[in-house]
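Let's take a walk through this structure together, one region at a time. Keep the 3D view open and look up each residue as its name comes along.

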There are 2 protein chains.
Amino acid sequence: MLDTVLNLGLTDESVEGLVAATGDERFGWDSYRRFAQMFGNVCHGIPGERYEELIAEARDAAGVSEDTELGAAALRELTKSFKALFAEATGEDFPRDPQVQLAQAIAAVFDSWRGERAVAYRRLNGIPEEWGTAVNVQQMVFGNKGEDSCSGVAFSRDEVTGAPEPSGDFLPNAQGEDVVSGVRTPLDLAELAQRMPAAHAELMEILATLERHYGDMQDTEFTVEQGRLFMLQTRDAKRPAQAAVRFATDAVAEGLLDERAALATIDAGLLESLLHPAIDPDASFEPFATGVAASPGAACGEIVFSAAAAIAAAKEGRAAILVRPFTEAEDVAGFDAARGILTSEGGKASHAALVARGMGRPCVCGARELEIDLAAQTVSAGGATLRAGEEITIDGSAGVVTRERVPLREAEISPDLQTVLGWADRLRDLRVRANADTPADAKRARELGAEGIGLCRTEHMFMAPERAPLMREMVMAATEPERRAALAKLLPMQQGDFEGIFEAMAPYPVTVRLLDPPLHEFLPRGADLSPAEAERAEALAEANPMLGTRGVRLGILHPEIYEMQARAIVGAARAVGERTGEVPKLDVMIPLVAYERELERMRELVERVAAEEGSVAELKVGTMIELPRACFVADRIARIADFFSFGTNDLTQTALGFSRDDVEKRILDTYIGSGILDRSPFETIDRPGVGWLVRLAAWVGREARPELELGVCGEHAGDPDSIAFFAMAGVDYVSCSPFRVPIARVAAAQAAE
Amino acid sequence: MLDTVLNLGLTDESVEGLVAATGDERFGWDSYRRFAQMFGNVCHGIPGERYEELIAEARDAAGVSEDTELGAAALRELTKSFKALFAEATGEDFPRDPQVQLAQAIAAVFDSWRGERAVAYRRLNGIPEEWGTAVNVQQMVFGNKGEDSCSGVAFSRDEVTGAPEPSGDFLPNAQGEDVVSGVRTPLDLAELAQRMPAAHAELMEILATLERHYGDMQDTEFTVEQGRLFMLQTRDAKRPAQAAVRFATDAVAEGLLDERAALATIDAGLLESLLHPAIDPDASFEPFATGVAASPGAACGEIVFSAAAAIAAAKEGRAAILVRPFTEAEDVAGFDAARGILTSEGGKASHAALVARGMGRPCVCGARELEIDLAAQTVSAGGATLRAGEEITIDGSAGVVTRERVPLREAEISPDLQTVLGWADRLRDLRVRANADTPADAKRARELGAEGIGLCRTEHMFMAPERAPLMREMVMAATEPERRAALAKLLPMQQGDFEGIFEAMAPYPVTVRLLDPPLHEFLPRGADLSPAEAERAEALAEANPMLGTRGVRLGILHPEIYEMQARAIVGAARAVGERTGEVPKLDVMIPLVAYERELERMRELVERVAAEEGSVAELKVGTMIELPRACFVADRIARIADFFSFGTNDLTQTALGFSRDDVEKRILDTYIGSGILDRSPFETIDRPGVGWLVRLAAWVGREARPELELGVCGEHAGDPDSIAFFAMAGVDYVSCSPFRVPIARVAAAQAAE
């Protein structure tokens, strides 16, 4: 990912030696001008465009087209002008001493660790700043030594599908940078078998050896110098989820890996892309352009032409497709922000394709019909011109782009993925539940393998349009009897919701969280308020609502609200039990408990209601652990709780003093950019702080009540790194959004001892 | 404090026996009607006024004035009407079986633990709900058996001044309830020596014995029945601070106690009242009324006639004086809310006087000129009538009330208090600093014994009217250069502030906290905003400002702000050093640190500025520990911190998830009232939660850096119970508001092993 400087050591003197030794003047000067360009760009920050301008001028002067190579004389002149540019830009002569060149190149690579691109990369990949970087110095071999030379990249298996045939790209008479940059369109690796059969055969053998050695799919760089193969680099291949799944199942079938080892090769976080929508195969539409299917999945969004615009759109919640002729390291931050990437140049091994696959973003590369004008902010094809902000859809599985609104289809779990999930279910100890608030969510969650609902948020039910007026009536009630009257009208609706969810999930348990948000959230905003509502809203307004009148505090101040909810839950359980003969398992969850007596009072209330209703369901009462104090008194709380569910979102907010809304908007970027933080504590659990609290509460709670059930229902429950932590902390289950359930199943298996 | 039922066991039958045994019909029926009244009121909740009405009717029927006792026949009729009232109110006959009476009385006392009055009392005195109560059953002796009988209260020393002469009140031919209720004005204890010399002499001897036995000033109840003295009760006397201090110094002088034991008799929290203002002795003014000097200190506020009104006024931040004919247990919550208490009836042993002294509130009792009309909400004297809301001033040290605005004078530390503070300073290990933001505060703090400033809040300096426009300019700056320009103008002012404070405090250390509040707090509110300011305010607005862009986060986002402050601090230190020859000791404190790297960056910044300025001061850089995460990583933070100062206010907010603004307004009353909480965690530290964090950080921090200095600068630093905890946790110093410094000195000594 970090910078490379090729051809280092060439000087005005040594280039003559290279020419003499090879008898190839053009080769010598091509290598030297490449070095002059890369050294100036990488080690001294001279913009790449300055060099491109000089190349364009040289072409004009020589009268050659873009597809024709410059001759030796032109390259010599070009090298001279590159050195002049260097002197002008740096105020120093281009170094003539190879040792000085080497020292500067090494320093530049070390420095690049602090650069913006490296910071963006580390951020995306969760790499801590203190790891630092290394510098490799390698002897040069030349892929640009004529038509019996080439440079290329090769994967031990197909890097997009995972199919068990090596794949890759190469460029004859070229150096590696040409292949990766995507500026020239490379040839398919199959072509190498025709052109240099011996090298190709040796490469195939080496790829198989490397795979056996590393036990994983390999991503290599190679150069053929006058027919002789050199391997420059190998690493475990980044791959899209479908390729990862295919590799894992094939590797087990081939006897290369056992199930546990095969599972370990899968980046669980990427599986999300397999659950992304695709274009409905039955839909007919007019393609705007076609290109290489570089990273699977379909995405729809407004056109943006820069990483900055993609980031801006994401911050405002708008979906964007990043459209570029080709991408470079500077664009990486935009990949994360965009829903998909579209380029007019480059192939499957281009920068855009590699990064998009690594990040699970749909990508169409090398759509050559497209004319992208970055200055004018337009993209044209077939006579039509689209501007920034207009909507397009890309299908990275098919390599198609369209301006039409085409229906996207929910992903299905492929047989290979089913196989992998089957291993995961056998290997994991952690159970996986889903967060679901509706029968539809519950159904989807089950299909994806959820073993219950770990968080059913009752407030979402209250926000449905037909209930909002009743909820408003409840909030506006000046007295308890008025409030009870409004609640009585909500009761049957709430019971109906629960019936649907219980039915969809039986016989698995459903954890229902009683009302959590502050009441003012149920009033309309601003101008839509009646004068009485405005007054009430003002009376309910709080300086810091996150830390105010919400959660169990509502239940203590207005017990009638929780009483209605308890009645609806118990009533729904009875109705479902009578209807289906299957008695639902109910976990009633009290949010935001800080004091054991809060839970004690609410437990009494729920049990009283259950007794009044003659409940037949299996009823547990537990609490969310989402405040630091609750962790410290977890023993006292555990004595009256059947379960704890860690609400790691709020635990992160309180332990770190981070209001998520505010911190994500203003602080997090600066903190990550300046190395104070490695990644967002809202994505991956902050182990020293929040993790400490989780471990403490788990330990102290279980000391007091060994059978205490422990779950996690914050967003971290769907994050593989956090799941690994929860498994260590002794948690029984995680509960995440339905379509992260497969990820959690795999991550849980990976975390199992 | 809980309920008493006297004369229990009297029935229609036994009253005749009592009459026969004593030959005193009036006495027998007086005792019986008292029992009927107390039993109905205490055990069955029949309002006291119902009985008072019947008594008034009986007086009218008998044609006797209020000062004359009713005769036997009238009392017999009155008892009958009390029993009829009982039957009417309860639907049951008045119990004729003494066993039934006893059982009901015992049950009532146990039940009273849950009553509103008991809850209010516990709350004020920080008594946990689970302690429960006991019931004493005592043989009855009769103070109403004629003129050779009496009931009274006696203190082993003067209960107001602490002077070493017993004091008290008694009422001849009366029962104890008459003395305490304040309805009849009792006689001074000195009078008892005249009327019943033998009983008086015996009482004096017993008081001295009790004091020697308990090693503390005693508060007793006694009854003389036909010349024979009975002691009913003794307990350590509640006393105002001046009496406590006087007792302590006298007890040491008398050889009764050593210094440590004498200190232990002082309720450190009450010392605050000695530091309350008094009416300037040189001021001349017209008294509106005079009464008993029942609890020292002067106070000024608007007249309120009920506890509820006092509480309402306090919630709105208005000073109130609670004015009542006499007070009862129901009024106790109002004492806490009011600045002072004024009654027209009762003496030094009246309920009002006892409670006011116990709580350190100024009180004037028994101002007989006052005519208080609760229905009309007026108080009149000398032809003038004041209404609720009008302002009065009371002087509880002199027993004077005035309508004029008289100058109040700052309290001086009496020689006795100086003595006590001298002991405290010798005995304590904890150092005591003050929170002070101005040279005047710093000077006052030193006079009160502060050994440095533990918290100097720089934002208060920015809020001064002449700086507000410059601060606004800084907040409005769109770019860093603009912000730097505004800061450059603030620099000399800020430096001037620091010079004054450093000079006032040298050679003690001054801990300066760099800017903490969110920037939008420096913009004017609402309508006063220009359109540009309104836009900026909106851009800066946060969902939960407590957890948002404040503290060190400002320093990271806008380092130029902290840089200016560091420059002003270092510059001021140099200027003061040059001027006075005394080099200030500086502790620069970075607020709201969660990550060690935040502190690292800011420490670098401060040290860079100090190096640039050629600082000559002794400079330490440390942090406030006010987030749970900081406690967990206290070892990492300690490696780059010279000191920790626990900001227990914010630590309470985050650990408990309690936004103080919101929780105090809406939740705390309900929580304390319903027994979820015993007292506000913002007054006394929450040991299981916040205390855990403090202990952890102290331990882990010192493990990493043994010489780490530990302080506390939250409000808990002035609370004796919290100080006891901090001493156990190994804290080096507490820092509180200047006029709580003497309290902290005493509490620190009490906490010393």
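Where helix 2 of chain B starts, a side-chain oxygen of B:Asp24 reaches to within 3.3 Å of the backbone nitrogen of B:Arg26. Keep in mind that this is a predicted model. Helix 2 of chain B covers residues 25–44, so to speak a run of 20 residues, and from its first C-alpha to its last it reaches 27 Å, close to the 28 Å expected at 1.5 Å a residue. Most of this helix is covered, with 16 of its 20 residues buried. Just after helix 2 of chain B comes B:Gly45, with a positive phi of about 65°.

After helix 10 of chain A comes A:Gly255, with a positive phi near 80°.

B:Ser156 is in the loop between strand 1 (150–155) and strand 2 (167–172) of chain B. Is B:Ser156 buried or exposed? With a relative accessible area of 6%, B:Ser156 is buried, because buried means under 20%. Its side chain makes a polar contact with the side chain of B:Glu211 at 2.6 Å, and it also reaches the backbone nitrogen of B:Gln218 at 2.8 Å. Leaving out residues up to four places away in sequence, B:Ser156 touches several others, among them B:Glu165, B:Pro166 and B:Leu207.

B:Glu459 belongs to helix 17 (residues 458–462) of chain B. At 6% relative accessibility, B:Glu459 counts as buried too. The side chain of B:Glu459 makes a polar contact with the side chain of B:Arg513 at 2.6 Å. Beyond its neighbours within four places in sequence, B:Glu459 is in contact with B:Arg513, B:Leu515, B:Asp516, B:Pro517 and B:Phe522.

A:Glu369 is in the loop between strand 12 (363–365) and strand 13 (371–373) of chain A. At 43% relative accessibility, A:Glu369 counts as partly exposed. The side chain of A:Glu369 reaches the backbone nitrogen of A:Thr290 at 3.1 Å. Apart from residues up to four places away in sequence, A:Glu369 touches A:Phe288, A:Ala289, A:Thr290, A:Ser380 and A:Ala381. For a sense of scale, pick out A:Ala617: A:Glu369 and A:Ala617 are 248 residues apart in sequence and 64 Å apart in space, C-alpha to C-alpha.

On to the charged pairs. Side chains of opposite charge can pair when their charged atoms come close. Over all chains, the structure holds 125 salt bridges. Here are a few to look up:

| Salt bridge | N to O distance |
|---|---|
| A:Arg76 and A:Glu16 | 3.9 Å |
| A:Arg513 and A:Asp516 | 3.9 Å |
| B:Asp336 and B:Arg361 | 3.5 Å |
| A:Arg666 and B:Glu542 | 3.3 Å |

B:Asp336 is partly exposed, at 41% relative accessible area, whereas B:Arg361 is buried, at 17%. In chain A, salt bridges with shared partners join A:Glu480, A:Arg484, A:Glu563, A:Arg567, A:Arg574, A:Arg608, A:Glu612 and A:Glu613 into one network. As for A:Arg513 and A:Asp516, both ends are buried: A:Arg513 at 7% relative accessibility and A:Asp516 at 8%.

Last stop: the place where the two chains meet. How many residues of chain A are in contact with chain B? There are 54, and they touch 54 residues of chain B. Chain A and chain B bury about 4600 Å² between them, with 55% of it on carbon and sulfur atoms. Between chain A and chain B there are 8 salt bridges, and 34 residue pairs are in polar contact. Several helices of chain A each supply at least two residues of the side that touches chain B, including helix 20 (531–540), helix 23 (596–613) and helix 29 (687–704). Helix 29 of chain A gives the largest share of that side, 5 residues. By type, the residues of this side divide into 29 nonpolar, 11 polar and 14 charged.

Note on methods. Residues are numbered from 1 along each chain as its sequence is written. Chains are lettered from A and ligands numbered from 1 in the order in which they are written. This is a predicted model: local features need pLDDT of at least 70, side-chain atom pairs count only at pLDDT 80 or more; totals for chains, interfaces and linings use all residues. Side-chain values use heavy atoms; hydrogens and water are left out. Helices (H or I, at least four residues) and strands (E, at least two) are DSSP runs, numbered from the N terminus. Contact means heavy atoms within 4.5 Å. Buried area is the accessible area (1.4 Å probe) that two parts lose on being put together, summed over both. A salt bridge is a side-chain nitrogen of Lys or Arg within 4 Å of a carboxyl oxygen of Asp or Glu. A polar contact is a pair of N or O atoms within 3.5 Å; within protein, one must be able to donate a hydrogen and the other to accept it, and residues adjacent in sequence count only if both atoms are side-chain atoms. Ala, Val, Leu, Ile, Met, Phe, Trp, Tyr, Cys and Pro count as nonpolar, Asp, Glu, Lys and Arg as charged, and the others, Gly among them, as polar. Buried means under 20% relative accessible area, exposed over 50%, partly exposed in between (1.4 Å probe, protein chains only). The expected span of a helix is 1.5 Å times one less than its number of residues.
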